[in-house]
Amino acid sequence: MDNFEYHNGRLHAEEVLLSRVADEFGTPTYVYSRDALERAYLDYAQALEGRDALVCYAVKANSNLAVLNVLARLGAGFDIVSAGELERVLRAGGDPAKVVFSGVGKQPAEIRRALDVGIFCFNIESDAELDRVNTVAAEMGVKAPVSFRVNPDVDAGTHPYISTGLKENKFGIGIDTAAEVYRRAAAMDNVEVVGMDCHIGSQLTEISPFLDALDRLLQLLDTLADEGIQIHHLDLGGGLGVCYTDEQPPAPQEYIAAVLEKLGERELKLIFEPGRSIAANAGVMLTRVEFLKQNGDKNFAIIDGAMNDLIRPSLYSAYQEIIPVELREEGETKAWDLVGPVCETGDFLGKDRQLNLQPGDLLAVCSAGAYGFVMASNYNTRPRPAEVMVDDNQAYLVRERETLNDLMRGEQLLPEQG
Ligand code: LLP
């Protein structure tokens, strides 16, 4: 986490003291580094320079408007999975002509809105969805640009919940039946076949599954070309992993170089949909220690952040580093389970962490910029955290902490009797 470093024992985001952010905005709070986001995006963009390519940031990873806006200013495209994400992209100043629309269950109204604003293409995931897109486009008297998400049946070697490229997953169209779907689409009046895509999983730490998938896609692409069905772009999805603790995923440059080598002379436009590798290490979640307690042999630190604020540890047993905002010289370092106030045994952010803690301490949960706030909920009627973006020596509130009124908005009591 390059942009989150200690100076004189105190953790900073860029040039901003994180304890200052906590004092000003409270805790739990997500803090993002603009520079980290930009550099992560530019790693992709620069590796593709000189090539017809689009880096479509996967909005689901972190959809805060300020995050999207920072990327839009650099010329990023966006990968969306709902009309809601599309509206976010538009409000953040993103270019609809650089938007790809993924997801297995697009609603007619979502398809209509996407056609209205002129997105780059629909990543279609089933036969039935193709029919729906064709019907909506026909009603509007337009042609919808489509790509098919092919499920290449490769093992991404990642957590089963985030592995998506195997036959048994719900995603995409089986590679064996994809040609048939392309033929059907090619004969339709209101769709235009433009591309082929895949997304085989998330948090991949090796290049080889990507290259296996690419091989299979290229074979299919050649079969289709022989039949006169031309594919203009290839979208390899997202999935590149990040370092949470000691993983050593390839850098985007390395990954892209390997892809370009395999593509050789082919003149295909290339699309990537990175989410985690752009946002994860550009953010931390700040949380404060409320109480320390001991049950049996276990040391518990009750913190004010919980599974509703950051669910990855509870949901996937994901490991995220947890570090003190101020290093302490005195006191004892021992193993702590960091648990939140939510009434679930599964409510923890970290287990068995060697820390030197006192009540009131501030902690930073690292690598929380992706799939952090976006997966937060209001379970236990807990307002979702504030979000702050740091830019050099400035900290900007980019989303207010929710209020209890926000949480109860729209709820109604039954009418009084009699
Ligand atoms: N494109 C598609 C079609 C996707 O389904 C995803 C993520 C991405 C791109 C971005 O993948 P990334 O570069 O972020 O790996 N909540 C989980 C991750 C779920 C990923 C879902 N799809 C987590 O917290 O680990």
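Tutor: Let's start with two packed helices: α8 (residues 208–226) and α9 (residues 252–263) meet at an angle of about 25°, and their axes are 10 Å apart. The model is a predicted one, where local features need pLDDT of at least 70, side-chain atom pairs count only at pLDDT 80 or more, and totals for chains, interfaces and linings use all residues. Residue numbers start from 1 along each chain as its sequence is written.

Student: Why is α8 called roughly parallel to α9?

Tutor: The angle is about 25°, and angles under 35 degrees count as roughly parallel, over 145 as roughly antiparallel, 65 to 115 as roughly perpendicular and the rest as oblique. Therefore α8 is roughly parallel to α9.

Student: Which residues make the contact?

Tutor: Phe-210, Leu-211 and Leu-214 of α8 meet Tyr-255, Ala-258, Val-259 and Lys-262 of α9. Two residues are in contact if their C-beta atoms, placed from the backbone, lie within 7 Å.

Student: How is that contact divided by class?

Tutor: The contact of α8 with α9 has six nonpolar, no polar and one charged residues. Here Ala, Val, Leu, Ile, Met, Phe, Trp, Tyr, Cys and Pro count as nonpolar, Asp, Glu, Lys and Arg as charged, and the others, Gly among them, as polar.

Student: What are the domains of the chain?

Tutor: Domain 1 covers 4–31 + 280–408 and domain 2 covers 103–272, with bounds from an automatic or database domain assignment. Their centres, taken over C-alpha atoms, are separated by 36 Å. Seven residues of domain 1 are in contact with five residues of domain 2.

Student: Which residues come nearest the ligand?

Tutor: Of the 20 residues around the ligand, these are Ser-202, Gly-238, Gly-275, Arg-276 and Tyr-371. A residue is near a molecule or strand if its C-beta atom, placed from the backbone, lies within 6 Å of it. By class, this shell has seven nonpolar, nine polar and four charged residues. Domain 1 and domain 2 each give the shell at least three residues.

Student: What joins Thr-27 and Pro-28?

Tutor: A cis peptide bond, with omega about -5°. Pro-28 lies in the loop between α1 (18–25) and β4 (29–33).

How values were computed
Axes are lines fitted to C-alpha atoms, for helices over the stretch in contact, and angles run from 0 to 180 degrees between N-to-C directions. Helices (H or I, at least four residues) and strands (E, at least two) are DSSP runs, numbered from the N terminus.
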